[in-house]
Each structure stands twice: as C-alpha cells, then as structure tokens.
Amino acid sequence: MQAKTIFPIAAFATGFVALSVAPFWADRADLRLLMEGLSYLALAQMWNLLAGYTGLVSVGQQAFVGLGGYLFFALAMFAGLPVIPGLIGAAVLTALIALPTGWIAFRLNGAYFAIGTWVIAEVFRLFAAQIGSLGGGSGISLPVTVARSLGEGREAREMTMYYIAFVIGAVSVGAVWALLRSRWGLALTAIRDSEIAAETVGVDTRRVKFLIYILTAGFTGLTGAFIFLQKLRITPDAAFSVNDWTAFVIFIVVIGGVGTIEGPIIGTILFFALRQVAADWGTWYLMLMGAIAIAVMLVDKRGLWGALRSRLGLSAFVTERRL
Amino acid sequence: MTRLLETQGLTAHYGDFQALFGIDMTIDAGETVAIIGSNGAGKSTFLRALTGLRPTAGQSVQFDGQSIAGLPAYRIHKLGLAMVPEGRRLFPSLTVEENLLIGAAGGRKGPWSLKSIYDLFPDLVAKKHNPGTALSGGQQQMVAIGRALMSNPKLVLCDEISLGLAPKIIKDIYQAVPQIRANGTSVLVVEQDVGQALAVATRVYCFMEGRVSLTGTPASLTRSQIAQAYFGLTEEAH
C-alpha cells in the first residue's frame, strides 16, 4: 500500500478507535456533542448515498427523521416496546411508509422531485400536529420510564445512549461502503458517473434508485428515532425541521465532498468545528456557513475531500469491487 | 434467415422538432447493416429509439419476434439489443474490467465473457485495472464495444465507433466486426465514413433529414447514387 492510502486510513482508523472508547475519555458535554455528531454523520451518509450516487436531490429527508422520531415515541408509549426494538421498529415502519411516498415522489424529476419531497415532509409535519394522543402541535415528552430502562444511573444511561449513537454512525459508514463494494455498487457508481450510459448498458436505474430511496428512508428514520430518544421530547416543528435535518446535512455533504464515503465524515467534522467556534455569533454564523458552502461550490464543487483526492490521489475507503 | 429487427414508419420527436419521419428497416440474423448519412440525418436518434432511450410507445418496432416499442431501456437490453453509444460513455470511476462487468448485469448467457472479450481485444488485458478513461481513444472504444458484447446481445448497435480515431485504429476496431458476427451477434453500425461502411456491411441504409433516402447492398450502389442520397444533391446541381 502507498502512503496516499495509508495516511487517510490511519487517520480514519484512529478516529474510529477514539470514538469507540469515547465514554472513557470524554466528559458529559463532549459525549453529547459526539452523539449529535454521529447522528449527523449518519444523516449525511444517507443523503449522500441518495443524492451523491443516484442523483436524487431530496430536500425532504426531515420527513423520515420526523417519522422515525414520532414512530419511536408511539411504539414506546402505546405498544410498550423496549428502546432497541422500538428504534428498529421505527426504522422499519419509516421504510414502509416511504414506499407510497416514493411512489408519488418518483413521478417527479429533478427540481420537481426536490420540491415534491419537501412538500411530502410538510404534509407529515401538519399530520403529526393533528394527532392528539402524541401531543398535537405542542408535542410530547418521552415517559421517564423509557429513559430509565436504558440503565441504572445517569452514567450508565449515557454510556448506553452513546453506544447506540456510535453503532448508528459506524453502521452508516460501513453499510454504504459494503453496498458500494457489492454488485449494487457497480450500478450505483455507473449511475453517478452517467445515468444515460447506465441505462444504455442495461441498468434498471429506476429500480436501483427506488430501493436506495427506501433504504436511506429507513436508516434516516432510525437516526431520527435516536435523535428524539436523546432529546426526550418531540414536537412537529422540531421533528420535521427542514433546516436541522436537511439544510445542515446538505451543507455537510457539499463541503465534505458529494459522491464519496469520506466526504460526509470530513464535512461532519468541519460542521461541528465551525459550530463550536462560531455558533455564538448568531446570524453571522449562518451567513458564514452559507458563504463557505458557496465558496466550496465555486472553487471546487467536489468538496474538500474531492479536491484533496484528485490533487493528492488520497483514498481511504477503497471500493474496488470483487465479484 | 430469421428476421431480427423490423421497424415500420418509425417516427421520433424532440419537442416540436421531428427528427424521424417514418423509418422502415429490417435486419436479419447474421447481417451487418450500416447506416450512413450526414450530421443531423437522424441516425443516432434512430438508435436511441430502438434502445428505448427515446419514447416509441404505440409504434411498430419488432425485435426477435416481439414488440419492443415503449419498453424501458433495461428490458430491451435484456432481450438482447445492446448499444455502443456515441462518444463511448465509459464510467470514469470504474476500472476497465468493471466497465465490462457492468455490461453483463442483465445476466444473458452466451459466448461473450471477460475471457472472450480479452481474446477479441488483447490490448485491454494489461489495462484491466486502469480507470476506464485512462486509456487511448481506441482502447476506450474497445472497452465500450466489449461492454455491449458482455450482455451477449443478438444485435449490437455501434454508434460512430470511428469518431475521432486515427485511421489505423479504426481499421483495428473494424477487424473485430467479423469475429463478432462469427459469434452469432448481428451488427448495426452507424458511420459517417462511407468507405468504411461499404467495406464492412452486407446492406446499407442512407438517412437524410429523418428519412431513408437509399438502401441496398454495397455492390449494387453507385458512388453518385450514394452522394445524392447522402447530400441530397440533385442532377441539376452537377
């Protein structure tokens, strides 16, 4: 192996190991930040898989974050499911609900698809506000017993929570990597490179795109369920926020590098570093973020990782397929 | 001879612009047919209509005994109609071998495999782990042809495979055509180079402004007939 591969792999591996033992070195505030970061990493990997590989630019991923959150609350409160089965159940149900929404959204192309996904998310938000048993427009808190079931004492609970976040973040990266190395990866990479050419060589692009849409919806739902388990409270506006769950995620992927596995990782680190430094600046912080995103697109629209890779030949997640 | 492909009165539009005005064409199994014609004559549009990249629903397109009009591109591909697109359109993030493998995604059985493609184009063996686009133009064209053949098609459509290549390379590539036919794959080539088309084809169609202006075997056509059908020159213009 060459230095160009070893250095990035070593960096990502160090990060992975450090995160896997984070509860032993990080304090409570850091741990909370890491959990949020891992959640955003998962959202970014999913949005990147959808937009970066299949070209489906969705601005409605908050639909699935919110659905995952609400379904988890419903499963925990009304069906009495324990936390882990509740999270998984919320993910599966979100994916099932994505079948009919995808069927609608896939009638639309390009910009219409983007707007369509947003409209669908808004419909879910309005719908959530109508469900009285889940608090309607003002939202609802998770019963204390659910949080208590995570462990004896605050420390144990936070440890459990952290490891759920760690698994979600790590699996989001691992799953995308495995997918790209499979037969599917060949089709996905081909569609990313040129959709027309992929169709010409017999790839059923519609089917591939639909399945990726469903898969990312499910995993986004899982992440959403975890996010609101951590927050312990859900409201329609927070659950279906286009800013929090789509705009920031797009920012992460764009600055990191769209269409790569490493891009969302780097983007998440940059996003949180920027937020730690500049979040107190209020509106200026948001304007700075917008300016950075525009600058990245003007200078090199492949994002930070895309630019580094093409200039230095770096690569960490080798996706050469073995069929 | 079994009839492989038959279109009757095929039309195609881009918005208000009509590109094809009723194309009748037949191709029998084992033939090599060439379509010649100038830029904008509708050659590429015709291939796109055959392969499902342009809408043909409700029209008459028969392939291997069934109607393929209006079918999605991947289903037509699966039935054994593959295309080498104009400009090659290789996938830059895939290696040469992966570019070939993706052609086999439809899962059709037949004589073509990685091994037989490498036998046909030995130049590619040393390059199989290179990115598809880090090759010379001729080698890229070989990958594009190989990728189409990997689906074991009954008929392969080659769109301007000589475009932008040196004459010697063009000759090398066209040397593959008889071998392709020997493996039971019929070939339809679209060519601007009339000499090349007449040399390789058993039958020629000339397109002009979206219509078939001339058809026949290379032996039966005269230079002036072809010039007239190609450029639309009339006798008075001489």
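User: Is strand S8 of chain B largely enclosed by the rest of the structure or exposed, and why?

Analyst: Please note that this is a predicted model. A residue counts as buried if 20 or more other C-beta atoms lie within 10 Å of its own. In S8(B), which spans residues 186-191, six of the six residues are buried, so the strand is largely enclosed by the rest of the structure. B:Ser186, B:Leu188 and B:Val190 point one way, whereas B:Val187, B:Val189 and B:Glu191 point the other way.

User: How does one describe two packed helices?

Analyst: One gives the angle between their axes and the distance between the axes. In chain A, the axes of helix H4 (residues 83-105) and helix H10 (residues 205-231) come within 7 Å and cross at roughly 140°. Angles over 145 degrees would count as roughly antiparallel; H4(A) and H10(A) are therefore oblique to each other. Their crossing is right-handed. By class, the contact has 17 nonpolar, four polar and no charged residues.

User: How many residues of chain A are in contact with chain B?

Analyst: There are 15 residues of chain A in contact with 21 residues of chain B. Helix H8 of chain A (183-193) gives the most to the chain A side, with five residues. That side divides into seven nonpolar, four polar and four charged residues.

Note on methods. Residues are numbered from 1 along each chain as its sequence is written. Chains are lettered from A and ligands numbered from 1 in the order in which they are written. This is a predicted model: local features need pLDDT of at least 70, side-chain atom pairs count only at pLDDT 80 or more; totals for chains, interfaces and linings use all residues. Axes are lines fitted to C-alpha atoms, for helices over the stretch in contact, and angles run from 0 to 180 degrees between N-to-C directions. Helices (H or I, at least four residues) and strands (E, at least two) are DSSP runs, numbered from the N terminus. Angles under 35 degrees count as roughly parallel, over 145 as roughly antiparallel, 65 to 115 as roughly perpendicular and the rest as oblique. A crossing is left-handed if the near helix is turned anticlockwise from the far one by less than a right angle, and right-handed if clockwise. Ala, Val, Leu, Ile, Met, Phe, Trp, Tyr, Cys and Pro count as nonpolar, Asp, Glu, Lys and Arg as charged, and the others, Gly among them, as polar. Two residues are in contact if their C-beta atoms, placed from the backbone, lie within 7 Å. A residue is buried if 20 or more other C-beta atoms lie within 10 Å of its own, exposed if 12 or fewer, and partly exposed in between; C-beta atoms are placed from the backbone.
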